[in-house]
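Trainee: I've got a model open and I'd like to learn how to read it. Could you take me through it feature by feature?

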Amino acid sequence: MNQPLAGFAPAPVTARMENHGNHMLKVALQTGNDLLARVGSMVAYEGFIQYEPNPPAVRQIARDWMTGEGAPLMKCSGDGLLYLADYGADVVVINLTGDGISVNATNLLAFDAHLTWGVERVKGLAKFAGQGLWNTRISGQGWVALTSRGKPIVVDCGGGEDETYVDPDALVAWSPNLKVKGKRSFKAQSLIGRGSGEAYQMAFSGQGIVVVQPSEDSTDRLRFRG
């Protein structure tokens with residue numbers, strides 16, 4: 001019976017965070033190197049691991065999230081292997097080396113607790129009266145895991161003069177040093193996104209990357225936040 005299942009067995013640990021297949025994250029936990037992960041994302045673990053939902057550090061930062069959603073995070077600590085997933089979404093693992101990333105909160109799966117992070121309003125969208133976009137910005141040296149509804153595309157903006165335009169409902173993350181501005185297009189409203197109402201796009205320029213998923217968020221991100 002074990003022989004047909006051998007191909008699904010966990011592989012030896014090679015990094016702090018790594019994929020186990022496309023839809024699961026494997027984290028090697030060690031005492032003193034805690035992890036913050038989305039509440040409810042744990043699917044299995046080995047060893048001695050403790051969980052603390054919404055720890056004080058998270059509550060303090062979540063108060064800055066003026067939308068009132070809070071940050072659905074738990075602190076994971078101990079020694080062992082932890083497996084995380086989010087309803088079968090693709091998992092993208094990023095190793096930050098002193099740089100940062102700005103992440104849509106719905107796409108944030110886990111990150112090292114020692115990283116610097118906070119919730120902030122995305123600059124460059126002020127002309128959309130009464131509307132806004134809030135993201136989680138993470139920086140430092142450590143690991144971050146994101147989710148994507150389908151295999152994502154990573155667009156390198158390249159630092160040229162041309163801008164990269166993204167449907168905000170399909171946006172996962174981007175380099176925080178990129179310049180961001182909003183664009184409203186009436187002509188493209190039936191071509192971009194779900195085609196309901198005006199077509200809003202986010203324009204990125206500068207040196208950095210943008211991560212886009214092939215499925216739109218169930219909510220219009222530029223409509224209900226602010």
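Trainee: How many disulfides does the count come to?

Mentor: In general, a disulfide is a covalent bond between the sulfur atoms of two cysteines. The rule used here asks for a pair of cysteine sulfur atoms within 2.5 Å, and by that rule the count comes to 0. As for individual cysteines, Cys76 is buried at a relative accessible area of 0%, and Cys157 counts as buried at 11%. Buried means under 20% relative accessible area, exposed over 50% and partly exposed in between, with a 1.4 Å probe and protein chains only.

Trainee: Before I go on, what am I looking at, and what do the values rest on?

Mentor: It's a predicted model, where local features need pLDDT of at least 70, side-chain atom pairs count only at pLDDT 80 or more, and totals for chains, interfaces and linings use all residues. Residues are numbered from 1 along each chain as its sequence is written, and side-chain values use heavy atoms, leaving out hydrogens and water.

Trainee: Where is confidence lowest, and where is it highest?

Mentor: pLDDT is the predictor's confidence in each residue, from 0 to 100. The protein chain has a mean of 82, with 76% of its residues at 70 or more. Helix H3 (residues 221-224) is lowest, at a mean of 46, while strand S2 (residues 25-29) is highest, at 97. Helices (H or I, at least four residues) and strands (E, at least two) are DSSP runs, numbered from the N terminus. Over residues 222-226 the pLDDT is below 50, though this stretch has 27 contacts in the model beyond near neighbours in sequence; contact means heavy atoms within 4.5 Å.

Trainee: Which strands are joined to S9 by bridges?

Mentor: Two strands pair if DSSP finds at least two bridges between them. S6 (residues 90-103) is joined to S9 (residues 134-148) by 12 bridges, running antiparallel; Ile94 stands opposite Val144 there. S7 (residues 108-112) has 3 bridges to S9, also antiparallel, and Ala110 has Ala145 as its bridge partner. S8 (residues 116-121) runs antiparallel to S9 with 6 bridges.

Trainee: Which residues have the most contacts inside the largest nonpolar core?

Mentor: Such a core is a set of buried Ala, Val, Leu, Ile, Met, Phe, Trp, Tyr and Cys residues joined through side-chain atoms within 4.5 Å. The largest has 17 residues, and Ile101, Phe111, Ile138, Val144 and Leu146 have the most contacts inside it. S6 supplies the largest share, 4 residues.
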